[in-house]
Amino acid sequence: MTTITNDRFSKDAPLDEITSSLRSNGYVIVENVLTPETVDKLLSEMMPYIDATPFGPDAFAGQTTKRTGSGVARSAEIRDLVVHPLCLGAAGELLKSSTEFQLSQTQLISAYPGSVAQKLHKDELIWDFFPFATDHHVMCQFFWALTDFTEENGGTRFIPGSDALDAEEASDDDTIAIEMTKGSVLIFTGKVVHGGGTNLTDEVRRGLILSYCAGWVRQEENQYLVAPPELARTFPEDLLKVIGYQQGCFAMGYAGDIEEPMDVLFGRKADTPIVPSQAAGKAANNTAQQWSKSVASRTVQG
Ligand SMILES: O=C(O)CCC(=O)C(=O)O
Ligand SMILES: [Fe+2]
């Protein structure tokens, strides 16, 4: 029998309580973060693209489920959500063993009536099934409810606290369905066993996944094609940094002659020195200091 620590919070709850529940259960729900009007605006921006999206090609993607992407290019509401303080705060905490994190994916999931339950899985598998250390999170996801989520309409099913469980051994009997109101958000890790449920109703269940990953792994959705330079130049710098127009984790993602991507994007001075992020720069300095100390002590002894 699984023990679930409190998994439901109001939007005013302290961030450390939310992230502590996220770490222990593998998921957490924050209720009524967005107003219904904001959700409706987001949906109206995305609806032409949802209409044009084909159903999924296989059982995992869902043959009566649509997955609509390119959210950063297509919706001002999604751009605002990408830099929402709850996303940046919770992802920043969960992914803190890396010096930076970035947006990995925006995917608006529309599960139509008859969508069948997904195979239980861990989302971290996208990185070629690499076995990341159990205490090293590389992924943090935010599933924004754009309609109510109920057990009947296929609310995502989770096995609480299942980080150590092999997804291949997981049983549907151990899952619980997440229920939440439109405007709430389900935050979950890349290590928790879960899967979309079966939609037994005659309504479409819609949710927007915003996924963040460590700065040193590849983004699931190609954000440079979603927002190529001509479009990216119209975005504010805080958004650009999160979508990947910055060096991430020390040397990753530099541009030009080892320059900051943002400087290259805006054609700023060509002689910009290398400026690793403060956090990555500090980590590198610490490593360098330890290394020189160990060399010095070896020299003294030897
Ligand atoms: O649709 C859902 O409820 C979950 C989807 C999911 O887990 C996935 O596509 O990886
Ligand atoms: Fe998943």
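Predicted model: local features only at pLDDT ≥ 70, side-chain atom pairs only at ≥ 80, totals over all residues.
The iron ion (ligand 2) is held by three kinds of protein atom label: NE2 of His121, OD of Asp123 and NE2 of His194, lying 2.1 to 2.2 Å from the ion. Read along the chain, these donors follow the spacing H-x1-D-x70-H. Asp123 sits in the loop between strand E4 (101-111) and strand E5 (139-145), while His194 belongs to strand E9 (residues 194-195), so this pair ties together parts that are 71 residues apart in sequence. As for solvent, Asp123 has a relative accessibility of 15% and counts as buried, because buried means under 20% relative accessible area. His194 also counts as buried, at 3% relative accessibility.

Next come the charged side chains. Searching the whole structure turns up 10 salt bridges. One of them joins Glu31 to Arg8, with the closest N and O atoms 2.9 Å apart. Glu31 is part of strand E2 (residues 27-31) and Arg8 part of strand E1 (residues 8-10), so the contact ties together parts that are 23 residues apart in sequence. Glu31 is partly exposed, at 29% relative accessibility, and Arg8 is partly exposed too, with a relative accessible area of 32%.

Helices get linked as well. Lys41 pairs with Glu77 in a salt bridge whose closest N and O atoms are 2.9 Å apart. Here Lys41 comes from helix H2 (residues 36-52) and Glu77 from helix H4 (residues 76-82), so parts that are 36 residues apart in sequence are tied together. The two partners fall into separate accessibility classes: Lys41, at 42% relative accessibility, counts as partly exposed, whereas Glu77, at 13%, counts as buried.

Another salt bridge brings together the side chains of Glu151 and Arg157, at 3.2 Å from N to O. Glu151 is partly exposed, with a relative accessible area of 39%, and Arg157 counts as partly exposed at 23% relative accessibility. Finally, salt bridges can also be followed through a group of residues: Arg23, Glu93 and Lys96 are linked in a network.

Definitions and conventions:
Residues numbered from 1 in each chain as written. Chains lettered and ligands numbered in written order. Heavy atoms only, no water. Donors = N, O, S within 2.8 Å, 3.2 Å for Na, K, Ca; no water. Helix = DSSP H or I, 4+ residues; strand = E, 2+ residues; numbered from the N terminus. Buried < 20%, exposed > 50% of the residue type's maximum accessible area, 1.4 Å probe, protein only. Salt bridge = Lys/Arg side-chain N within 4 Å of Asp/Glu carboxyl O.
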